[in-house]
Amino acid sequence: MKSNNVLHKIHMLQFLEMILKKNQKIRIMKGEKLHTGKKDIVTKRYMQDNAIFADVFNYLLYGGIQMIKSEQLKELDTTVAGNVLGSSETDEADVVKNKQRNRAEILTKKVRDNFKSLITMADDERVYLLLGIENQSETHYAMPIRNMMYDAMEYSRQVEEIVNRHRGKDEHGNNRGEFLSGFHKEDKLIPVITIVVSFTPEKWDGPLTLHEMLTVQDEATLANVDDYRLRLISPYDLTDEELDKFHTNLREVLSYIKYSKDKTKLCELVNRNKNFQELDRDAAMVINYCTGSEIEIDEGEEKINMCKAHEDIKREGFEEGREAGRAEMCKAHEDIKREGFEEGRYQKLIEQTRKKKVKGITAHDAAEALEELEATVIKIYTLLDEYPDKADTELVVLMY
């Protein structure tokens, strides 16, 4: 009978452990999703700056030569919708197909990250370009298809616009082909260029072309399949010489991200580059969210001294651990902060947990209130029961 009771308790403990791990996984996933959302917000806002936007295209198109000026750029609607699946021809069946065409447009509506028009002069003629930037904090393994869709839908939108303009002016064309398509022989489209900017220190290990995504790799077959190439800027692949071709604080942002996992090189970079002493707020925000750094940015502070922030991280490790309690350190800084961080964190957590226990709050509810793992709080509750006379500083040792 006792043996059955023991087995029952073991099974219950295993079941509870499984539930705890499941809850922990769900919390981590929710936290990652929330953090990823913040990354998207700060990177999009950062890239809205015309100077930063122009810097990206000047680097990739002209090797860093300042050909595109910020004043030549105009913000465009980032929502793209094209009748990719439908037909824009004018014939007897158009009325019947109208509802299907509208449905196709709805199905193919997408939202770009950043999209601008460029008006410049070349050979005494005005040149128009449409430029898009997609910001990625993680590798997107279908990115060539995603960008191809964006570009195709923009071209489709241009065709629809030209067709509608002709119809509005009762311009039916010079032949049956122009009449049916609504698009005339002399009509031209504005080129669309889309660039992906990666904001992660990791190597982009996804496909860079459509051909790489196909099941068939036979050269004879691929020669007859149109390809689509991804234009990518990734900190991992940029050399110091290439980074110097950027002319805005994008250089500092990409450099910091590149070396964010190498403590020695990161410290050398920040101390060597004087631009880190007065980094724009938006740039510092991108660094914070995309590297997991904990640089303090005060409300209303427009210029951030990253050099001073690094010194503060070194000096205030223990106090940060005690005050933040549960704050996690980014890998780039964890070796910089003193070993006292963990002790300070646990000491503060034990102090808070003891108060919850005295009030009769369950370990589950205490974990929720403190936003800590339930397993950690249960361990503290157990230690408090076993060693009621020990001080918080003594219990810290037993947490390891």
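Modeller: A contact here means heavy atoms within 4.5 Å. The model is predicted.

Biologist: Among contacts between residues at least 6 apart in sequence, what percentage join residues at least 24 apart?

Modeller: The protein has 17 helices and 9 strands. Of the contacts between residues at least 6 apart in sequence, the share that joins residues at least 24 apart is 63%.

Biologist: What percentage of the residues in the protein are buried?

Modeller: A residue counts as buried when its relative accessible area is under 20%. The protein exposes about 23700 Å², with 51% of that supplied by carbon and sulfur atoms. Of its 400 residues, the buried ones make up 39%.

Biologist: Which element gives the largest share of the lining of the second largest cavity?

Modeller: The whole structure holds 2 cavities of 30 Å³ or more, and the second largest cavity contains about 30 Å³ of space. Two or more lining residues come from each of helix 1 (2-47) and strand 5 (125-136). The largest share, 3 residues, comes from helix 1.

Biologist: How many residues of the lining of the second largest cavity are charged?

Modeller: The lining consists of Lys39, Asp40, Thr43, Asn135, Gln136, Ser137 and Phe199. Asp, Glu, Lys and Arg count as charged, so Lys39 and Asp40 belong to that class. Beside 1 nonpolar and 4 polar residues, the number of charged residues is 2.

Biologist: Is the aromatic pair of tyrosine 59 and phenylalanine 246 stacked or edge-to-face?

Modeller: The count of aromatic pairs comes to 3. In the pair of tyrosine 59 and phenylalanine 246 the ring centres are 4.4 Å apart and the planes make an angle of 20°. Planes under 30 degrees apart put a pair in one class, so this pair is stacked.

Biologist: How many residues apart are tyrosine 59 and phenylalanine 246?

Modeller: Both tyrosine 59 and phenylalanine 246 are buried. Tyrosine 59 lies in helix 2 (residues 50-62), while phenylalanine 246 is in the loop between helix 7 (240-243) and helix 8 (250-258). The pair links distant parts of the chain, and the separation in residues is 187.

Biologist: What is the angle between the planes of tyrosine 256 and phenylalanine 276?

Modeller: Tyrosine 256 sits in helix 8, and phenylalanine 276 in the loop between helix 9 (263-272) and strand 8 (279-280), 20 residues apart. Tyrosine 256 and phenylalanine 276 are both buried. Their pair is tilted, with 6.2 Å centre to centre and an angle between the planes of 55°.

Key: Residues are numbered from 1 along each chain as its sequence is written. This is a predicted model: local features need pLDDT of at least 70, side-chain atom pairs count only at pLDDT 80 or more; totals for chains, interfaces and linings use all residues. Side-chain values use heavy atoms; hydrogens and water are left out. Helices (H or I, at least four residues) and strands (E, at least two) are DSSP runs, numbered from the N terminus. Buried means under 20% relative accessible area, exposed over 50%, partly exposed in between (1.4 Å probe, protein chains only). Accessible areas come from the Shrake-Rupley method with a 1.4 Å probe; for residues, only the protein chains shown count as cover. On a 1 Å grid over the protein atoms alone, a cavity is a set of points where a 1.4 Å probe fits but cannot get out, and a pocket is an open set with protein on both sides within 12 Å along at least five of seven lines; lining residues have an atom within 4 Å of a point. Grid points are joined across faces, edges and corners, and a volume is the space filled by probe spheres set on the points. Rings of Phe, Tyr and Trp (its six-membered ring) pair if their centres lie within 6.5 Å; planes under 30 degrees apart count as stacked, over 60 as edge-to-face and the rest as tilted.
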